[in-house]
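Student: Hey, could you walk me through this one? I'd like to start with the strands and then get to the charged side chains.

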Amino acid sequence: MDALSQLRNIYRETSDGNAGIVLVRGGMASGKTRLLYDFLLNSRDAGALTLIAHGSQAERTVRGGVIEQILRGGGLGMDAGVDACADDGRADRLVQRVCERLLEVSRKHPVVIGVDDVHFADDVSLQALLHLHRRIHGSRILVVLNMWERSRPTMSLFCAELNRRPVHTLRLAPMSRDAVVELAAGSLGRQTALRIAPVLMEQSRGNPLLVNALVEEWSVDQVGKDGPPEPGTEFGLAVLGSLHRWEPQLLDVCHALAVLGEHATESLLVQLAQAPPEYVTEVIDILDAAGLLADGQFRHSAVRLAVLGDLAPHARSAMHRRAAELLHQRGVSATDIAEHCLAAGGISGPFQIRTLREAARQALATDRPARAQRYLELGLAACDDEQERLELTRACAEVAWRVHPSTAAYSSAAVLDRDLGALTSRDAVTVVQRSLWHGEFDTAARVLARLGESGVLPEPQVSAELRLTLHWYYGATVDRSCGPVDITALGEHWTPAGDPWTAIADSLSTLWTGADSKEAVDSAEHVLRSFRLDEIGLEVLATALLTLAYAGEGDEAARQCDRLIDEAVRRGGVTWQALLRAVRAEIALSQDDPGSATTQAVQALQLLRPGEWGVLIGYPLTCLLLADAARGRADAIAEPQRLIVPEAMFGTVIGLRYLHARGKYYLATGHLLTAITDLQACRQIMRDRGLGAPMLVPVDSDLAEARMALGAPEPPVLSDAERRVAVLAADGHSNREISRKLWITVSTVEQHLTRVYRKLEVSGRPQLQDRLARWSSVGAQPRGA
């Protein structure tokens, strides 16, 4: 027979004049409160006067609080309140009057009094209940008291006095499966209730409060779905409400349990909750019996979140800070301690700065750069040691760069520039790379000058990376001068002869001159096979990919680029993804696939905000313009007339390529004068600033095409190779110098010059120089074939 049926039978005996008291004992999962209310509703329907009172933690010190609730809720016609219990003498008289009144009412109809959580009742109320118990013999009064069932004895004196006379004791167990089905069927229907009953039992352990919460969530969110009900917000709040019905210190232990998570042990809970060991053990038993724990921690994340949310912000922060200290003492992993530091919003000791740095290192190793950045920023905010701040700033700038190359991240790099004496050559090159990205050429020049003055030999790989990075921004003339950034200040030791890395840098640099060589392809393949994204400069990888693409290895370049993009996505490198997709767009253009180029360039632009691109914003825009020019589209996705790009961009090859692409777009769409303006500006910048990238910025041939379209005289047609030789010869270079610069033989130079003299109808270098100068003055150049 279930408990409700037993109560109904006892009530029937009460209606026949057999008064009594029922003591209902149950744990957190027993549903004793629900049982009491269901019974009171039943007895009210049966004609009884039902009175309800609650033992309350908040009212525990209020004298006579339970009795007052009975007086107020019963309509007994007695004008009495808490003030009537101000002293023991008056309280005794009040209790006597209440008992007499209840006995009088019971002669007319049965009276049922329910007291929920009687263990919280005050002493005066408990004495009143005992007095009533002694007086109700032979009346039609039934008193039902709810009390905790727990391993530690409570209210021993009250129970002893209560048991001096006959008492019905009911010990409640969690709901059975059939009971859970019946409860769920009322809202979900019997078929659904039967189907999800196993899950309801497993997640609620028969706790009616939790069953109701699960049923409510199921009925709102999952009607018609096949999956089982999942504990969510309502479930978590239901558990929290249940916990609040117990004494305050139980919540303290629960808060500590939620904060510690998987690291919760009884010894740690004792320290964090500042509770006696035996009490912590009892709470663990209570929660386990209620089905709330699994392996010593909350079974459901919804419950843990609800319990954490119950803590005031300052209290939660303090608990997380203390938890970090306790876990550090036990040698727990740096990542776990760092998470508590983050949750606390600060750290409590210098040791935690080292912990945060180690946690950031581990986060990067597992491709979680955003998390690593948070750890480092937290440590930086609390650090007051200058050397440690420098190291944290360096690490923070590098990690932030991988996630988003924002102004804040670059500012961190700028901090490093203020103390160059503490930087390694690798750190200095990193500052140069970031400075060039954002167009801060003065910063890059200052760092390079300091490195040149130091006389410290960098690692060969670092030297090669620096050269190729400068080529990325300044093209083929980088080995002479790069405008404000001059590599000659570094000295020859930056490119040590005979070192494999020097050979790599030399061969990949031919991308900017158009001098194809097998060595360049081999070098590109070596670089792409040897390094992950965080092991070498992104500009070096981009140069290697484009070297393959322009050497006729477009398919291999696309495959390698796609592989690197996949790695960037997997490792959370947004900056990597953005630049690599722009490179992928250029590879598609080299394969005559403007549609794919457009897709890749658009995706690249969507990954970073315009301000995060720095001067490189021109690169994906260049690819968009060239793709639209290839299709002759007048509705360019790039909308060149509306774009705002940084002025500093036009001091780099990126700017040259953008101007050239914009000119080609205008040429393809019939805007001839606008095209000529852009192309002439591009050529003038190349001359004024000493920038060179004839392979990637063939401005002369496009300018000649624009002039011819306007009906202007057509200059002679030279091949690209002939044109490069002619320009260098006109600048006064010897045949041997030209051969070294273009990576061709002296014999090949002589053959090109012979054809150039014939086509231009000149007899030697002086006439060649004069002829090229005259064409330049009228905005023309010999066209490329």
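**Strands first, then charges**

Tutor: Strand β3 (residues 111-116) runs parallel to strand β4 (residues 141-148), and five bridges pair them. Strands pair if DSSP finds at least two bridges between them. Helices (H or I, at least four residues) and strands (E, at least two) are DSSP runs, numbered from the N terminus.

Student: Is this an experimental or a predicted model, and how are residues numbered?

Tutor: This is a predicted model, where local features need pLDDT of at least 70, side-chain atom pairs count only at pLDDT 80 or more, and totals for chains, interfaces and linings use all residues. Residues are numbered from 1 along each chain as its sequence is written, and side-chain values use heavy atoms, with hydrogens and water left out.

Student: Ok. Which residue in β4 is the bridge partner of V115?

Tutor: That's L145.

Student: And what order do the strands of the sheet come in?

Tutor: The order is β2-β3-β4-β1-β5, five strands in an open sheet with parallel pairing. At the edges sit β2 (49-54) and β5 (168-171), each pairing on one side only.

Student: Which strands does helix α2 lie across?

Tutor: Helix α2 (residues 32-45) lies across β1 (20-26), β2, β3 and β4, and runs at about 165 degrees to β3. For that angle, axes are lines fitted to C-alpha atoms, for helices over the stretch in contact (heavy atoms within 4.5 Å). Angles run from 0 to 180 degrees between N-to-C directions.

Student: New topic: how many salt bridges are there?

Tutor: The count is 28, taking a salt bridge as a side-chain nitrogen of Lys or Arg within 4 Å of a carboxyl oxygen of Asp or Glu.

Student: Why can such side chains pair at all?

Tutor: Side chains of opposite charge can pair when their charged atoms come close.

Student: Which side chain does E398 meet in a salt bridge?

Tutor: E398 meets R434, at 2.9 Å from N to O. The pair links distant parts of the chain, with E398 in helix α19 (residues 386-403) and R434 in helix α21 (residues 425-437), 36 residues apart.

Student: Is R434 buried or exposed?

Tutor: R434 counts as buried because its relative accessibility is 9%; buried means under 20% relative accessible area, exposed over 50%, and partly exposed in between (1.4 Å probe, protein chains only). E398, at 37%, counts as partly exposed.

Student: What about R532, which residue does it bridge to?

Tutor: R532 bridges to D534, with the closest N and O atoms 4.0 Å apart. Salt bridges that share partners join D367, R402, R532, D534, E567 and R571 into one network.
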